[in-house]
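Work through the exercises below with the sequence and the model in view. Each task is followed by its solution.

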Amino acid sequence: MYTGKCYINDLAVVSQDSLLVCNGSDRKVQLVSSQTGKVISQLKLESWPCRVCLVGRDRAAVTLYQEVQLIKIKGNKLVKDKVLKVSYSVYGITTSGDNLVVTYEEQPWLEVITTNGKVLQQFHSTGETQHFKSPLFITTSPDGSLWVSDDGYNTITKMDASLTILQTFTSQLQEGPCGISAVTEDEILVCSSHNNSLMLLHPSTNTMSTLQGKDDGIEGPYSLTYCPQERKIFVAQFFTDSIQVFKFT
C-alpha cells in the first residue's frame with residue numbers, strides 16, 4: 001500500500017486512517033494514510049529512526065542512536081518535541097502507563113524512563129543468568145504487560161511494569177522473532193523474518209500458530225502493528241518499500 005522508496009524499520013497505528021512509519025533510508029518519520037498509502041506529513045531526523053510508539057493520542061516517541069525523539073501530532077502535521085538522552089544504543093520502545101520502556105542490546109537490557117528522561121527502573125542479567133541477547137522489539141498488551149521479542153535467543157518474554165519476568169515462550173515457529181504487537185493479553189502477534197511468517201501466540205495455552213506465510217506473500221517480515229478499530233495487521237518487510245495489510249479474524 002505504501003509506495004515511497006524506503007527501508008521501513010517500524011510502524012505504529014495513529015488512527016484507523018493513518019500510520020506512523022520509520023523510514024530508515026531517508027532518516028524520516030512519516031505520517032502515512034492507511035487508506036491510500038500517501039505520505040501526509042514527514043519529519044527529517046538527526047539520525048536513523050529505529051522504532052516508534054504512540055505516547056497518548058497526540059504524541060509519539062522515536063528511538064534514534066542514543067536518544068529518543070518525542071514528536072507532537074497536530075492534526076495532520078508532525079512537529080518535533082524534546083529529545084531524551086538514554087543510556088546506550090536504543091532499539092525497542094513502548095509505553096507503560098505514563099512512562100516509556102526502552103530496550104538495548106547490552107545491559108541494562110531494559111529501562112523504564114519518564115517522558116523527561118529520568119530512569120525509574122532497569123533490568124540487568126549477565127553470565128549464566130543472562131535472559132536477553134537481542135531484544136529489539138517491545139510492545140504493551142491491553143492489561144499493561146510488556147512483551148519483548150529476542151531474535152538472539154529466539155524467545156518472547158512477558159514482563160510486568162516493574163520489569164519482572166513473568167513468562168518466557170519458545171516455539172520452533174518463532175525463529176528470529178522481531179516485530180511484535182498485542183491484540184489482547186492472550187493474542188500476541190509476532191513476525192519472523194527467518195521463517196517468512198506472521199504468527200499468533202496464545203500465552204494461556206503456550207501455543208503458537210502461523211497466520212500468514214510465504215505462500216501468502218510474506219517474505220522477510222520485520223515489523224508490524226495492529227489496528228483494533230479496523231482489526232487489521234500492517235506488516236513491513238526487509239528491503240521493500242511496501243506495507244502489507246491483513247485482516248485479523
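**Exercise 1.** How many salt bridges does the structure hold?

Solution. The model is predicted. The structure holds 4 salt bridges. One of them joins the side chains of Glu46 and Lys80, at 3.7 Å from N to O. Glu46 sits in the loop between β4 (39-44) and β5 (52-54), and Lys80 in strand β8 (residues 77-85), so the pair, 34 residues apart, links distant parts of the chain.

**Exercise 2.** Determine whether Glu67 and Lys85 are buried or exposed.

Solution. Start with the pairing: the closest N and O atoms of Lys85 and Glu67 are 2.8 Å apart, and the two form a salt bridge. Next, apply the cut-offs: buried means under 20% relative accessible area, and exposed means over 50%. Lys85 has 60% and is therefore exposed. Glu67 has 13% and is therefore buried.

**Exercise 3.** Classify Glu230 and Lys232 by relative accessible area.

Solution. Glu230 and Lys232 form a salt bridge, with 4.0 Å between the closest N and O atoms. Glu230 has a relative accessible area of 22% and is therefore partly exposed. Lys232, with a value of 22%, is also partly exposed.

**Exercise 4.** Compare the radius of gyration of the chain with that of a compact globule.

Solution. For 249 residues, a compact globule would have a radius of gyration near 18 Å. The chain has 17 Å, which agrees. As for its secondary structure, the chain has 0 helices and 23 strands. Buried residues make up 54% of the 249 residues.

Methods: Residues are numbered from 1 along each chain as its sequence is written. This is a predicted model: local features need pLDDT of at least 70, side-chain atom pairs count only at pLDDT 80 or more; totals for chains, interfaces and linings use all residues. Side-chain values use heavy atoms; hydrogens and water are left out. Helices (H or I, at least four residues) and strands (E, at least two) are DSSP runs, numbered from the N terminus. The radius of gyration is taken over C-alpha atoms; the globule rule is 2.2 Å times the number of residues to the power 0.38. Buried means under 20% relative accessible area, exposed over 50%, partly exposed in between (1.4 Å probe, protein chains only).
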